[in-house]
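Good morning, and thank you for joining. Please look at the model on the screen while I go through part of its strand pairing and one of its helices.

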Amino acid sequence: MKNKHGNRSLPANRNYKDTIFRWLFSDKNNLLSLYNAIAGAHYQNPEALNIVTLENAVYMGMKNDLAFVLETGLYLYEHQSTYNPNIPLRDLFYIASEYQSLINQRPLYSSTLQTIPTPKFLVFYNGTDENIPDRLELRLSDAYENYSENPDLELKVTMLNINSDHNFELLKNCHVLWEYSQYVTRVRKYATMMSLNDAVNLAITECIQEGILTEFLSHNRAEVLKVSIFEYDKEKEEKLIRKAEFDYGKAMGLADGVISLLEEKGRLSEDQINSIRRETRPEKQTEWFKLAIKVDTIDEFFKKANIKRQ
């Protein structure tokens, strides 16, 4: 059954650890609409899409929401709610597995050239980082330790910001994507005012009343609620992890500065160095850094800093 926008009520036998994005666009009609909007194409037959997503990729340490072949192209689509600069490297592992699966038993050591579909990598970002532009290109070569203008191996990923205040033309041309963006915006808005459970319920009710993903949300309400809560909690957890990583990196950078300043005043023992590095709070390391500038001796520093050596 389809709603007034042509969206089918998708089956509800979904894994709660899936995402609403993948759930929606695993439907070939919606996926073709998204492809057409991005490529400026006008394909009409959803059966022209051959979905080749590796379902066991997550167990191999890889992740990709949707992969499909259309004519001579292989398209990898992924949804992200947090910015991740390692996507090109992850996609490299994933595309290798995809090609291995597609090639299957073809002889790679024969004199005949084995052709493969041309890859295209896209990430759909709908996180809360306001610094992410409408379009961003990530390159595998950004991770190389030695920069090269023309690396022998390159992989480019295009990131598209699909929040409701970005890429208006794309959202206009793919109505399902616009509806998804509206739903996510409302969940986030209401989550700042009430419990997450109430926020998701209100967003679902409001969207149904306003004709946004009506059929999908009406038929799958209970499961959409669980998936949305899982996604939101996961996004929040990732932000906390990133903050902790940032704080740790900042603290260790300051610790190096403290150690360098003190070594100008004398020789530090391994025990003293370790006691400085054990402190992972950036604010405390900042305090020590200022103290290390002022003191005349190492002993004075440890006494005033009240550092307990173990």
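Predicted model: local features only at pLDDT ≥ 70, side-chain atom pairs only at ≥ 80, totals over all residues.

Strands β5 (residues 135-139) and β6 run antiparallel and are joined by five bridges; strands here are DSSP E runs of at least two residues, helices are H or I runs of at least four, and both are numbered from the N terminus. Two strands count as paired if DSSP finds at least two bridges between them. Within this pairing, leucine 136 has methionine 159 of β6 as its bridge partner.

Residues are numbered from 1 along each chain as its sequence is written, and side-chain values use heavy atoms, with hydrogens and water left out.

β6 also pairs with strand β4 (residues 118-125), in the parallel sense and over five bridges. There, leucine 122 stands opposite threonine 158. How enclosed is β6 (residues 156-161)? Five of its six residues are buried, so the strand is largely enclosed by the rest of the structure. Buried means under 20% relative accessible area, with a 1.4 Å probe and protein chains only.

Let me turn to helix α3. Its buried residues include Ile87, Tyr94 and Ile103, and their cover includes β4, β5 and β6. After α3 comes asparagine 104, with a positive phi near 55 degrees.

For the protein overall, there are eleven helices and six strands, and buried residues make up 45% of the 310 residues.

Definitions and conventions
Buried < 20%, exposed > 50% of the residue type's maximum accessible area, 1.4 Å probe, protein only. Contact = heavy atoms within 4.5 Å.
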